[in-house]
Amino acid sequence: MKTNDGSPFPKRLKEARMRKGLSQKQLGILAGVDPSSASPRMNQYEKGVHTPDFQMVRALAKVLEVPTAFLFCEEDELAKYITTFK
């Protein structure tokens, strides 16, 4: 079990998901997670309880239409700029 080590990933994931207007379950399903575990898995990612592997990060970024770098960006202002460089 991996817990959040201060990574900006949980915050950025939730931010991007909310911007797209998706539920946690919808996001998980679109990223290829089994529908029965999609919502709890995304919830754990957003709470920093678990961290996805890079393949899942790429799938989430694709669904959310953000560069993978956005999901790991610590600075809010830089995160905004990153989304403009798709």
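In this predicted model, the buried residues of helix 1 pack against helix 2 (24-30), helix 3, helix 4, helix 5 and helix 6.

Which residues of helix 1 are buried? They are F9, P10, R12, L13, A16 and R17. Looking down the axis of helix 1, you will find these buried residues within an arc of 170°, so they line one face of the helix. Residues three or four places apart in an α-helix point the same way, because there are 3.6 residues a turn. Helix 1 itself has twelve residues and spans 16 Å from its first C-alpha to its last, close to the 16 Å expected at 1.5 Å a residue. After helix 1 comes G21, with a positive phi near 75°.

Now to the core. The largest nonpolar core holds 22 residues, and L27 and L60 touch the most other members.

| Helix | Residue range |
|---|---|
| Helix 1 | 9-20 |
| Helix 3 | 35-47 |
| Helix 4 | 54-64 |
| Helix 5 | 68-71 |
| Helix 6 | 76-84 |

Helix 4 gives this core its largest share, six residues. Leaving aside residues up to four places away in sequence, L60 touches F9, L13, L27, A31, M42 and Y45. Two of these partners, F9 and L13, are also among the buried residues of helix 1.

Another buried residue of helix 1, R12, lies over the face of F70, at 5.8 Å from the ring centre.

Conventions
Residues numbered from 1 in each chain as written. Predicted model: local features only at pLDDT ≥ 70, side-chain atom pairs only at ≥ 80, totals over all residues. Heavy atoms only, no water. Core = buried A, V, L, I, M, F, W, Y, C linked by side-chain atoms within 4.5 Å. Buried < 20%, exposed > 50% of the residue type's maximum accessible area, 1.4 Å probe, protein only. Helix = DSSP H or I, 4+ residues; strand = E, 2+ residues; numbered from the N terminus. Contact = heavy atoms within 4.5 Å. Expected span 1.5 Å × (residues − 1). Arc of directions from axis to C-beta. Lys NZ or Arg CZ within 6 Å of the ring centre and 35° of its normal.
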